[in-house]
Amino acid sequence: MQVSLDHAHIFASDPAATVKFFQAMFGATVVWDEVVAGARGIRLKIGRAFILIYDQPPKAPRGGAFHHLGIATDDLARLVGHMKSNGFAFRKPIQEDKAFRYVMIAGPDDLLIELFECHEPDRWRISFHGEDR
């Protein structure tokens, strides 16, 4: 038996805007778009991971057991520059930590997203060139 974390499932008050955000900022691709459990579900591929966008507004403001999405990059400064060129306004600069660099952003529906570049990718088992799904 194999087990693997497959996706984060998020609510979206405007699914088209949410899809557009992830496509423009992170190069996401739509791999599936159908009605599931009574509502539209849109599966996005970002690198080797997935986000499932559910066509329903968030049930409550940010919080609960879910804190944020973490999106890894091998060049945070370049990603930030790309996002700025696409009109994204950052509230804070990149922060430095001993193990990684990061910046927290608010996505659609105030979704908290951490963009980070790990200084120890082998130790964290982060690979951008490994097996792709």
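So, why is β8 largely enclosed by the rest of the structure? Seven of the seven residues of β8 are buried, so the rest of the structure largely encloses this strand. Buried here means under 20% relative accessible area, exposed means over 50%, and partly exposed is in between, with a 1.4 Å probe and protein chains only.

Quick housekeeping before we go on. This is a predicted model, where local features need pLDDT of at least 70 and side-chain atom pairs count only at pLDDT 80 or more, while totals for chains, interfaces and linings use all residues. Residues are numbered from 1 along each chain as its sequence is written, and side-chain values use heavy atoms, with hydrogens and water left out. When I say helix or strand, I mean a DSSP run, H or I with at least four residues for helices and E with at least two for strands, numbered from the N terminus.

Back to β8, then. Both of its faces are covered: Leu112, Glu114, Phe116 and Cys118 are buried on one side, and Ile113, Leu115 and Glu117 are buried on the other.

Now the sheet around it. Four strands make an open, mixed sheet, in the order β5-β8-β7-β6. The edges are β5 (69–72) and β6 (95–96), each with a single partner strand, so one side of each has no neighbour in the sheet. Two strands pair if DSSP finds at least two bridges between them.

Let's walk across it. β5 and β8 are parallel, with four bridges, and Leu69 has Ile113 of β8 as its bridge partner.

At 35% relative accessibility, Asp109 counts as partly exposed.

Arg125 is another non-glycine with a positive phi, about 60° in this case. You'll find Arg125 in the segment after α3 (121–124), and it is exposed, with a relative accessible area of 76%.

On to the helices. α1 covers residues 15–26, twelve of them, and spans 16 Å from first C-alpha to last, close to the expected 16 Å at 1.5 Å a residue. That expected span is 1.5 Å times one less than the number of residues. Pro15, Thr18, Val19, Phe21, Phe22, Met25 and Phe26 of α1 are buried. Looking down the axis, those buried residues fall within an arc of 155°, so they line one face of the helix; the arc is taken from the directions from the helix axis to the C-beta atoms. Over on the other side, Ala16 and Lys20 are exposed.

How do α1 and α2 meet? Their axes come within 9 Å and cross at roughly 130°. That makes α1 oblique to α2. Axes are lines fitted to C-alpha atoms, for helices over the stretch in contact, with angles from 0 to 180 degrees between N-to-C directions. Under 35 degrees is roughly parallel, over 145 roughly antiparallel, 65 to 115 roughly perpendicular, and the rest oblique. Ala24, Met25 and Phe26 of α1 make the contact with Leu79, His82 and Met83 of α2, contact being heavy atoms within 4.5 Å.
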